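Hi,

Here is the structure I promised to pass on. Have a look at it first, and then read my notes below.

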Amino acid sequence: MAKIIRILNHNAIIVHEAVNNHVLLLLDKGIGFGRKINEQIDPPYSGKVYELQKETSRGSTKEVFRHLEPVYLEISSEILTLAEEQFQDIDRNVLLPLADHIAFAITRIKNGLNIANPFVNDIRLLYPKEHEIAMQGKNMIRERCGYEINDDEVGYITLHIHSAMGEQVDAGMMVAVIINESIRQVEEECNLSIDVNSLSYSRLLAHMKYLLARLRKGEELTLDIEAYAQNSFPYSYQVAQHIIARIERTLHQSIPKVETGYLAMHIERVCMSEQKQA
């Protein structure tokens, strides 16, 4: 049994379960209609149930709710439902950070402010399924709130959706930044201009994505092509060494040498592909 401690609107209430000492957000059509504070409500609860943490990255949950309109919670819940249908197992605790981000995105639009996201294309390519869901979220925001968020904001929402799979928003952005800088370094050192919509770009981005994933999980490649790469395409190998060294400095983490050979091979493929198209 739980006690209602706050009624956000007809579709959202906050309850406290004394037995487990849990604070829950319940979202369901009409769940708050005719309810009163301190009224008891028995499980099983209908609709979507979210356990609320006491603290968020922006302060206490109580303080965040003080300024958060319920519509943003409802939109975020619908977005997470789409994510759950796509990925099955997600962390629904990202609801509040996602809703808070959407609320501030709308505030920025109202105030004529624009927060640029220079890595939006990398985010779209890195997390295509999450980005597709974020685009549906964009439509929800327009239909429910009357505001059109731009592609930069869609990129940030994509990162929040991706965080429901266990990687923090900051970590997801760090991956995008490292990959973007690495590809820019390939362009500079190889004197190329890689089309972001090309197959070459997508392949190199995918390789960098899985390289960083292996580092995060502590996995190592089993086939060593170091000697082959170094002898067959020495310049691409040198570029790969520079990129690996920069990533090590950024992450404060050593990278197995075998990764350099594989990265060199992908750089060589990009160079050959772009030269043929030139």
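Isoleucine 179 is in contact (heavy atoms within 4.5 Å) with Leu126, Leu205, Met208, Lys209 and Leu212, leaving aside its neighbours within four places in sequence. Before I go on: this is a predicted model, where local features need pLDDT of at least 70 and side-chain atom pairs count only at pLDDT 80 or more, while totals for chains, interfaces and linings use all residues. Residues are numbered from 1 along each chain as its sequence is written, and side-chain values use heavy atoms, with hydrogens and water left out.

Back to isoleucine 179: together with Val186, Leu212, Ile243, Leu263 and Ile267, Ile179 is among the residues with the most contacts inside the largest nonpolar core, which has 42 residues. By nonpolar core I mean a set of buried Ala, Val, Leu, Ile, Met, Phe, Trp, Tyr and Cys residues joined through side-chain atoms within 4.5 Å. Buried is under 20% relative accessible area, exposed is over 50%, and partly exposed is in between (1.4 Å probe, protein chains only). At least two residues of this core come from each of α4 (120–126), α6 (151–163), α7 (169–190), α8 (199–217), α10 (234–251) and α11 (258–277). The biggest giver is α7, with nine residues. There is also a second, separate core of 36 residues, and Ile14, Leu25, Tyr72 and Ile106 are included in it.

Those labels come from DSSP runs, numbered from the N terminus: helices are H or I with at least four residues, strands are E with at least two. The protein chain has eleven helices and seven strands.

Threonine 158 sits in helix α6, and with a relative accessible area of 0% it is buried. Not counting residues up to four places away in sequence, threonine 158 touches Ile123, Tyr127, Glu130, His131 and Ala134. Arginine 214, in helix α8, is buried too, with a relative accessible area of 14%. Its contacts, leaving aside neighbours within four places in sequence, are His207, Glu219, Leu221 and Glu259.

The peptide bond from proline 43 to proline 44 is cis, with omega near 0°, and proline 44 lies in the loop between β4 (40–41) and β5 (48–51). Asparagine 21 is not a glycine, yet its phi is positive, near 55°. You'll find asparagine 21 in the loop between β2 (12–17) and β3 (22–27), where it counts as exposed at 52% relative accessibility. Glutamine 88 also has a positive phi without being a glycine, about 65°. That residue is in the loop between α2 (70–87) and α3 (95–110), and glutamine 88 is exposed, at 56% relative accessibility.

What about the start of the chain? Methionine 1 is in the segment before β1 (2–9) and is exposed, with a relative accessible area of 56%. Even so, methionine 1 touches Glu17, Ala18, Gln40, Ile41, Asp42 and Pro43, not counting residues up to four places away in sequence. Its C-alpha atom is separated by 26 Å from that of valine 71, which is 70 residues away along the chain.

Finally, the overall numbers. The C-alpha trace of the protein chain spans about 75 × 40 × 30 Å along its principal axes. Of its 278 residues, 47% count as buried. Among contacts with a separation of 6 or more, 65% are between residues 24 or more positions apart. The chain exposes about 14600 Å², with carbon and sulfur atoms supplying 50% of that; the areas come from the Shrake-Rupley method with a 1.4 Å probe, and for residues only the protein chains shown count as cover.

Cheers
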